[in-house]
Structures are given as structure tokens and as C-alpha cells.
Amino acid sequence: MGLTSVLHKINTSRDRGFPWSAPSWPETLPRPAPERRLGVDYPTEWARRYPARLLRAIVFDNLTRPVTHLVASPEVRGAEMLALVEPPAIFVANHASHLDTPLLLSVLPARFRHNTVVAAAADHFFDRRWKAHVWALALAAVPIERQRVNRRSADLAADLIERGWNLIIYPEGSRSPDGWFQPFRAGAAYLAARTGCRVVPVHIDGTFRILPRDSHGLRRSPTHVTFGTPMSAEAGEDARRLGTRIEEALGILADESRSDFWSARLRAASGTTTSPRGPDASPWRRSWALGPSPEQHDETDERRWAIKPKPDSASRRGLGLPRQGGSAAARNKTSRTTR
Amino acid sequence: MKALVFERNLARFAASRVVSSLAGSGKGVSVAPLRLTDLEAPALRGPGWHRVRPRLAGICGSDLATIDGHSSRYFEDLVSFPFVPGHEIVGVIEESFGANGAIASSALAPGARVVIESVIGCIPRGIDPPCSACAQGRSGGCERVGFGHISPGLQIGYCADTGGGWSNAGLVAHETQLHAVPDELSDEEAVMIEPTACAVHAAIRAEVNPGDTVAVLGAGTLGLTTVAALRSLTEPGALFVGAKHPHQRRLAEELGADTAVPPAQLGRAVRRQSRSLAVSERSHQLTGGADVVVDCVGSAESVTEALSIVRPRGRLVLVGMPGNIRIDLAPLWHRELILTGAYAYGTEELADGTRRTFDLAMEVVARCRLGRLVSARYPLDRFEEALAHAGAAGRRGAVKIVFDLRRAPTGRSDPSTGTTRPAIRVASKPALSLPRRRTRVLTTRPRTRKEATP
Amino acid sequence: MSPRPGFVLEVDGSTPPTLFWHGEGLRLERLPLGSRVLYPPEPLDPLADPAGAIRHALEHPLGGSEPLKVLLRPGMRLVIAFDDVSLPLPPMRRPDNRQLVLEQVLDVAAEAGVDDVVLIAALSLHRRMTEPELRHALGNRIYDAFAPHGLLLQHDAEDPTNLVHLGVTDLGEDVEINRLAAQCDLLVYVNITLVAMDGGHKSVATGLASYRSVRHHHNARTMALSRSFMDQDHSELHSSNWRMGRLIRESGVKVFQIETTLNTDTFPEQFRFLQRREWEWTGADRAAFLAASKGLKSVPERISRSILHGVKSPYRMTSVQAGEVEAVHARTTENVYAQQLVEIEGQADVLTMGLPYVGPYNVNSIMNPILVACLGLGYFFNLYLGKPLVREGGAVIMSHPTPWAFHPGHHPSYIDFFEQVLSETTDPAEIGKYEESFATDPWYVHLYRTGHAYHGAHPFFMWYWCAHALEHLSAVIVVGGDRAAVRRLGFKPASTMADALEMASDVVGPDPSVTHVHAPPLLMAQVS
């Protein structure tokens, strides 16, 4: 009864109309288009002011970081090199999962962790007001246009670096569909060349098993985060050349995280580093070549935390009507249908 | 002479509702405003009226609902208190108006065994001209229920002026309400005619096409007589019955059901027969279903079940009386169902002309030997036992419980017999805690009705 | 100490009560003096290096087949089919045999550069496997490499576009199998042979077949002629499958069969007493029995069911062989017999059995009454070579609660079969007339193809499975079962074992001889 009466009150108050609710616009008058401050135009300045930073630091250190460590149990290599780096720095990492950002932030030393902004796709994280608010506050995300070079977003990032903020950026532009690297984009190298700031290549391994793209649940699995030697643009080096060097460095780190530092270096020197973009073969062989997962042959079924209902049990069953047509991607992953 | 009288007493009405909810149907009688009392038969009201002394009088589900305090408030203004319940009656004519003369039909002479169309339409009420329904003989659809020179009351058994079947004293009925019973029919068979007439009407309202799949929910008296009527008067391709109790399933199959199953299995049986899909594997809502579903229960569960097993544009007939229930009507809207009620009887339009529902019912009763549905007889003074038995009829392996009024009343005889008073004696006594209730509509009429009654 | 073989115990005055499975519960019953109890052999030692054994089998195939490596080449179409969730029982601990074998096969395929590889769960008319079940059987590595690309399929016996009719055998049996399997360059089948019925030509000819094909051997006549269907030399079920398998081979489908066998190490440490002989129970075993039997009894059925279905068996691989189907299966069968055979002399008047909580068709599900009948009269009754453990005209006493309960998602057609068909007749030869309408019911077809339901005709198969036993026996008595459900099955309910034996003696005569099958762990009786 309580609830119904409250709902009723809300309902009737909505009916009260102007001035209790917003006025409608006379139809004879032209109405200017509403200002849409989303995407790259979303102002994130507020999220870098002191109150927001304090709140973010509290939440991250007490909630996000312990949860990330529980799920991903990261093993960190090469973090000692960070002692030689003076902020600001650009952290350049491969990208396979939404977990990458919290994981990378959680293994950074405190002096970096709380002064770092994250380059986030403007079209994915800043397409709705509430999402923009959440990501700006939670991860200090800044919108980056990933499809084309956008002066505004590049200027913003460069400006932030110059003002002393560290930056995390994923040059692949989106999460890997199969765990292997995708082609790198030029943005990270451009920023490094423009600001002269140090670049720290970071390889993140294992998040793909925990929360891959299009996944519906979390699976606990160990991860490795390997920091590479900090690098910066050499004299006369342009962004393209630097970009190639960064990609090579990440490839060597990927090799190192699968083997060890020395053999990775030997292979790098002899030019036999296996391509981090994976073999040029059919999808199953690309997946197969990723190698066995470290939790090999558990005696028990590992636990999974479902985030969303599985399409198998929920959406298919929701109304249960036979699905007519539908895209191949929407189909059950283990559908009976042929390819 | 004894009769059971139901009075208007809100407190006891509420108490019986509580008791019956806790203790089960029929148990509310211990606190209900129903009592066995000394009573004279009502006086004959004019030409065409007869006094009938009941021989057997059935206990109907609607009687139980009234006594248990569960009847719908819709009927509040359509009954008049105090009344003698009982509308399933076979009796003998004791006296006809005008003594020896002025008898409309020789079959309706004193001593004749009759069954009664309890519905009180325009003609018994003295409304002239009658409403269009009554003019066509469809007294069940009367538009003047509650008017005329008789107190409000849908039927004999809910009306203060006519008396009712649960009485040794007798009741009065108009000649248009009486049907002579052929000698071949026993009293047990005859008392089933009135409920069977309701079932016959429902079966005709169901508009079953030959070959249709028909499902009947519930197999109490109404369900079983409906099965018999459907089998006798229509040609269903498959007739399913959902029945809770084993004896009900056995009787349903004897009376013509193809398959009688527990209620939980009915949906699956209908789905198999109609080769329908269900909307999901955990839902009972079919995508197709039966062509016609006849609900003889009238509960929220049964109507919901009926809605889920009838095919789109199918027909759903409510025979059991639903009260104030809560159901989701989305399937009705989405599947464009036809939802219809089926009340009482009158005259039926058949392909080969019109027939009185009671005449059809007599044929069904005779053909299907429905007298076997009468499971137990009780004298009037054991009414508490009788009502408890009727309330638990299914569980106790019974179908129809009746009062047996054929023997002279036992116990002390009332010294005050012999006096003739209008209507029920207690009716005009101030001893009754509440005055006789009138319908709100009636108050707009000149209060001359009482004077008009003899 | 080397594992002891199975043996027959004659019950005497000092014999402790005998352990009976009773669905999700356990009972101790005193069998009459002189009763014989068949105890299964102890688990054989597993392969010390299963990975090495698999590699060896792939490189040294049987029956004149070439090594797998040689059969694979870039550009070819490779289909790998594997047994579904009905094997093994209970599900084995990770890594499952299928994962061990498949990983090696895939490594060879990757080395050979085979791009076009598809994995198919050979469901036949069983329910589709769920993601956790697939992950359990195949391992995460294989699941993650194939499922996201749509390369992990489940056989669909009702998809007309995805079936190929290969021809008709000499006896007029249609052979229709999965199109991908029929049209690939090599079909690798990865099997687990838990009982002697599994494997051989049955893997492909049944596992990847359509309903139209399967019904030629899944019917009352064939099953009544399979004596037993566990004995492939005297089984019409197998003769039919072998005819079909040979036709599949002749029509050009190249099958590389990989079969594995398991030992009888069925229960994990906390349930170890289940595979010990009662007189050898230690204090810990007795405590574990009391805890398990009382504990399972005191919790709601739903919980005891989920506890038991969570049990993963510590089975280990005892052999693996690969190559040509018939040569492989001959070796596999030898290995199964080596683990499971127990010799016994003479038939009994009464055969008793305690039925466990799980059978092939209710993994992670409810054992409904039809499955109880099938497990007892189909599987347990037929676990013999030679002649049945019980004489013709004898009685079977099964112990199982037999609840009137069904899993609506897995067994929808079973519910209607139980309510609508068994209420009419329980004669396997009679029910056939209803099969067509169940098999073509659009709702069952829909649930089978898109949900996790068994095929509409599957409950009929379960009842055909009982055909041999029903013909052979004159009474079937269920101890401790739901009375209404047991009667619906056409059996007799009894409250106690003593009552059941009294009832049996009405049929087979006073003082009957009794044999009890002390399983699981599984055993197979060689009756002389």
C-alpha cells in the first residue's frame, strides 16, 4: 500500500504540469537544437578536480583494486623500471578486455595511479550522459576519437600531459576479438612525439581469458603484466617511426610474457620474434595457437560469475518462440546449424 | 413445518467467510446466518400460481458460496432477505390457485410431480409486456429481474416471497416455471434436471462445430452435466476434461469425455491434441489450443488456465460462477478470444427449431442416467452435515448432495401450523435484526408493492 | 596390491547387510541366506601416461589405418565428433578423456595446417549440451578456440538441410547422417566406452544419425532380439548398427575412430565406501555412510540431487586405441571386459538391484519414472553375457524412490508419454502406434533443436529398451517407490525389501533363489 500510494503521488505530481514540470515550447516559435555535449565534446574537467580525485582514489583503492586482484591475480614483471620514470608518462598497452584498465591502474605505483587519465573511445564510453559521468569519475577517462584524428581530442590529451597527467592509451583502438594484437594506430606515438613525454610499453596477458569481448561472465584466471623499458622520441624521429618502435617493443614484451626475458631478447635480436598479430590461418588455429591456459586440467569446474544472463538460457527462453533468421552472431555459439 | 432460512446479517456473513476460508467450503455454515426454523409455505400469489412441496432439493455450488460468504457483491441487490435457499427442486403440486378451477394445464394438477425453472422472469413477476428476452422465452436473460410484484431475487431460492427448496413447507411457483416430470424419471433423476438445464444451455452457448477440440475444466455437478450435454447435443472431435478427483474422471469418461485427466495435465493433453507449441518450456500458455474451453469452476486459476489453453479466436465459456477474481486478460486481447458467460436456461434456438432448455435437459438426464450423480441424501435437520459434505464433495467421492424431504418432518411439530400468513412468517416480524432489504432501484418506485401483494 | 577381480558372495549368517542404492539415497538391506551378491572388480591401474598412450595410438593405428598425421593435409575438411553428456557416468573429473584425446588430435591438425575443422557433439536424439557441460568435456582451451567462431556444433537430427541420406542397407534400413560428417574428408570420432554397448559403428551410425535412421534399430522388435544389447555378438541393435556403419564406410565416409576405456574407480574419496565391500568398511567408511545416507535423507530432494549430480568421478583411462572402427572396437571391448566381467553360474529366480541417482539420460537432471524403468530393466538387466541373471518367468526387484517428477526442460515428451501413453498401455510392442505423433510433434522438435530437450520419440526408445526384460520377466517390483508412479509403469510397489521378496515368491514360487547386482561401480555378468 505504501508503495502504491507513493507511486500514485509521483504520478499525480507529474500531472500537475507547469510550473511543476518543464514548459513545452510554443509550436509557432522556432526552437534551437539542444546542445549535445557528448562524445569528444564531453567536458571532463570536473573529474580531475580535487573532490572527484579523492572519491576516485578511495573507491579504486578500497574496491576496484582488491576485486581486480581477486579475479585476475596479476603477476607483474619489470615494474622496477618505473622508478626511473618521472611523471608524466604515456603507458601504451595491448587491449583484449575491459579489465585491462583497472588491472593496469591497480599495478601502477601510487604516484602514477592517482594521476593518470585513460584514453577511452568517445563513441563507446561517452555516447550517453550517464555513461560519460560514470567513466569520467571512475577511471578519469577522457574521450578520444578513434576512427579519425580529431584535433580537439588530441589537443586535450596533449594539454593534459603537459599539465603533468599520465596517460593510458591503447593504440589498437578496440579490444582484440581473439586475443592476438590488432594493427596499431598512430595516436599514441603522435602524442609522444608532440609532447616529448616518455612512453612505457606494457603488455597485459590473461585478461582475454577472464573477460573477453562479447563475454557474459567473469572467469578467474591469473594474469601477467610486463612493463618494458621506457622510451621516448629520438632526435628527428617522427611519429610513424616511433609508432613502429612501440609496436616492436610490445611484440617483444608479448614474447617475454610467454617465455622469459632472455630468450625473448635473443629472438628479437635474431629477428625471429613470433608475430604478436598471430598466425595467418583459420580462426580456430589462431585461437589454438594462443596456447593452453595456465589453469590446465583443473580437477573441478571453475566458477563463473555470470554478469548477464547467457543467451542460451535467457534470451532464447524468454519468450521461447522459434527464432526466425537472425544474424549469425546472435545465434547460440554452439548452435546446431551449420556454418 | 421446517425450512432453512438465510437472513441478512453482515457480521455472521463475514464470520462464515472467515471460517470457510480457514476450515474449508461448507464449514462456514456453523456461523453463517442460516438457521432451521418453523415456517409456513408462502401463500399463492394469484392465477397461474401453484404451491409445490419439494421431494428432493439439491445443494448447488452457488448456495455454498452464499453460505460461505464468498458470493459476489454483484448479487447483493438481486436477492431479498430472508430467503429459503434451494433452487434445484423436484416436488409435488399441493395446491393450485383458485382451488379446482382455473388450472392452465391439466398436467399441473395437484398431486403432479414437477420440476421447477427457478429463474423468476417477467411473467411470474407480472410484468406486462415482458422484456424482449422473456418474450422470446429466454427467462435466464430477463431484463427485469428484481421488479414486478415479487421481491428481488434471481431465482426461487434467493427470493423472500417464493420460498425455496430447502423446506418441508413448500414454495410457490408460477405455471410457466413448472414442468411435469414423466413417471419414468426417478426423483433422483428429476432433481438433476435443473442443473442439467444450465449445462445444456452452456453446451449450446459453446457453439461447438463438429470436430472441434473442446476442453472442460472442472468435473463437479456442472462439469459432469456439461460433459453429458456436450456429448449429447454437439459433436466435439475430442472432449477433454480436467478433473481433480479420480471418481470425477471416471464419471466424466462414462458420460462421454474422451480423456479425463488431473487439472495439471489438461494443458499438456490439449497441447498434444492440437499439436500446438507453448510460448516457453516453463509456461503453460499455448500458442494454439482447444477450439472451445468450458470453465465449470470459476476461480482465478481456472479462468487463467482456460485462457492459456484456448486457441486464438477460440471460445471460452464461463459456466462456473466467477466472483471477484483477479486475472490477466492480456491473452484475451492478444488472441482475440471470445469470452462468454452461460447462465441458467430458457428457450434454445436449435438448427431444427426452438426447444425449452428443460425439455432438452430431461432428455439428457434420461439418456445419460444422470440420477447416478446424486451421491447422498440428508434430512433437513442434518443440514450442517449435508453442507459440509457438499463442500467437500469432490474429496469425499461425491457429486451432488440433496436434501430428502419426502418423509414427514421429524422432531417436534410446530403448534403454530395452520395459520396462514403472507410469505415467510418471519419476514414481517420485527424480531429480525435487519429490515427486509430492497434494491436501490426499487426505492425510486412508488411503494405500493406491498399493498399489491395479497 | 594388484586390483582384485569381481566375485560372487554367498550370503551367510555373518554377512553384513548389503548396500543398495536408492535414487538419491542409500539403504542397507539384509538379503535372505544363500542369496548371491555380484561384486564388481576393483579398479584396474590406469595408464601411467595417458598423453603418451594417445600419441602412440594416433601414430600406430589399428586395422590397417594410416597414422592420423598422414591422413591430415592443408586444405582438407576435418570433422571431429565426440560422445555427448551421457558418458561417462557419473561425469569424470577433469581432464575428461575427450579433452585429452581432442587436444592431441588438434595439435596434430594444427601442425598439419588443417584450417577447416569442425567439432560436433554426437547427440543423436539426446538433448543439447550446455556450455558448462561442453567446457567440462572438452576443456576451456578447446571450447574457447572453437565455440566463439561457431565451429563447435551439436548434431541436429531434425535439420533436413543438414542431413544426408547415404542409402539403404540390405535389410531396408535408411542410413541418414549429419551432412558435415558425411561430406568431410576425414571424420575423427572420439569416444568413451563405459559399458560394452558403447562405441564401434554405433558411434557414427547412431550418434550422428537422423530420427529416420535411428528408428530402424531403436524399436521394440530389435530390442527384444538383443540378448543382451551389451553383448554385441548377440545384439540385433549392434547388427543393425554394423550394417549401417559398413554402408557409411562403403559410401566413402572415412572414419578414424578413437576409443578410450575407463577403470571402475567411480566415486571420490568421501564416497569411497560405495566401492568397498561391506565387511571391509573401516570406521571412517561407516561414518561416511552414516553421514551420507542420513544427510541425503534429511535435506530436500532438490538439494540431495544437486549434491550428487555435482559428484565428479575419479575415473582414469585404462586404454586408448585408434584407427579402423571394427579393429579398434574389438580391442576396446576386450579392455572393457577385462575390467568389468564377473563370472557367475546359473540363473536366479529373483534379481535385485539398487538403482542410483543417475543414468545416461538424466545427467544434471531428474531421474523420472521412465528413466528408472530404463535404468533397471534396460541397463542393469542387460549387463550380461550368455543368459540373463534371472531365469525366464523370474522377478526383478528394484530399489528406487521413483518420484512422479520430470525435468520440464529436458524431458518434455516424457511427461506426456507418461501421462498419455503409459496410461493406455505398457506393452512395448503396443506403444509404437503413438511414436510417430510424438516424433513429429512440433513443440518437441522445437525444444530438441533449440532448447535442451530430448527428442519427442526418446521416451519410446526408453520403453523399447525394457522390451527384452518385460518379455523375460513375470514380475517387476519397486521397493520404496511412489506408488502411483510405479503402478503407472505397470510394476508393483513394495514398502520394504522383505515385502518385495514375499510378493516375488507369489510369482516365482516359495523360497526363491536371489541374485543381487552390487553396482555401481559397473560390472558385467558372464552367466553360464
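The model is predicted: local features need pLDDT of at least 70, side-chain atom pairs count only at pLDDT 80 or more, and totals for chains, interfaces and linings use all residues. Residues are numbered from 1 along each chain as its sequence is written, chains are lettered from A in the order in which they are written, and side-chain values use heavy atoms, without hydrogens and water.

**Chain A overall**
- Chain A holds 13 helices and nine strands. Both are DSSP runs numbered from the N terminus: helices are H or I with at least four residues, strands are E with at least two.
- Of the 339 residues in chain A, 43% are buried. Buried means under 20% relative accessible area, with a 1.4 Å probe and protein chains only.
- Contacts are heavy atoms within 4.5 Å. Among those in chain A with a separation of 6 or more, 74% join residues 24 or more positions apart.
- The accessible surface of chain A is about 18,600 Å², and carbon and sulfur atoms contribute 57% of it. Areas come from the Shrake-Rupley method with a 1.4 Å probe.

**Strand 9 of chain B**
- Strand 9 (residues 238-242) of chain B has five of its five residues buried, so it is largely enclosed by the rest of the structure.
- In a regular strand the side chains alternate between the two faces of the sheet.
- Here both faces are covered: B:A238, B:F240 and B:G242 are buried on one side, B:L239 and B:V241 on the other.
- Strands pair if DSSP finds at least two bridges between them. Strand 8 (residues 213-217) of chain B runs parallel to strand 9 of chain B, with five bridges. One of the bridges links B:L217 to B:G242.
- Strand 10 (residues 259-261) of chain B also pairs in parallel with strand 9 of chain B, over three bridges. B:A260 in strand 10 of chain B stands opposite B:V241.

**Crossovers in chain B**
- Strand 8, helix 7 (residues 221-233) and strand 9 of chain B form a right-handed β-α-β unit. Right-handed means that, with the strands pointing away from the viewer, the path from the first strand over the helix to the second runs clockwise.
- From strand 9 of chain B, the chain passes through helix 8 (residues 246-254) to strand 10 of chain B, again as a right-handed β-α-β crossover.

**Sheet in chain C**
- Three strands of chain C form an open sheet in the order 13-20-15, with parallel pairing.
- Strand 13 (341-344) and strand 15 (384-386) of chain C are the edges; each has a single partner strand, so one side of each lacks a neighbour in the sheet.
- Strand 13 of chain C pairs with strand 20 (residues 524-527) of chain C over four bridges. C:E343 has C:Q526 as its bridge partner.

Key: Buried means under 20% relative accessible area, exposed over 50%, partly exposed in between (1.4 Å probe, protein chains only).
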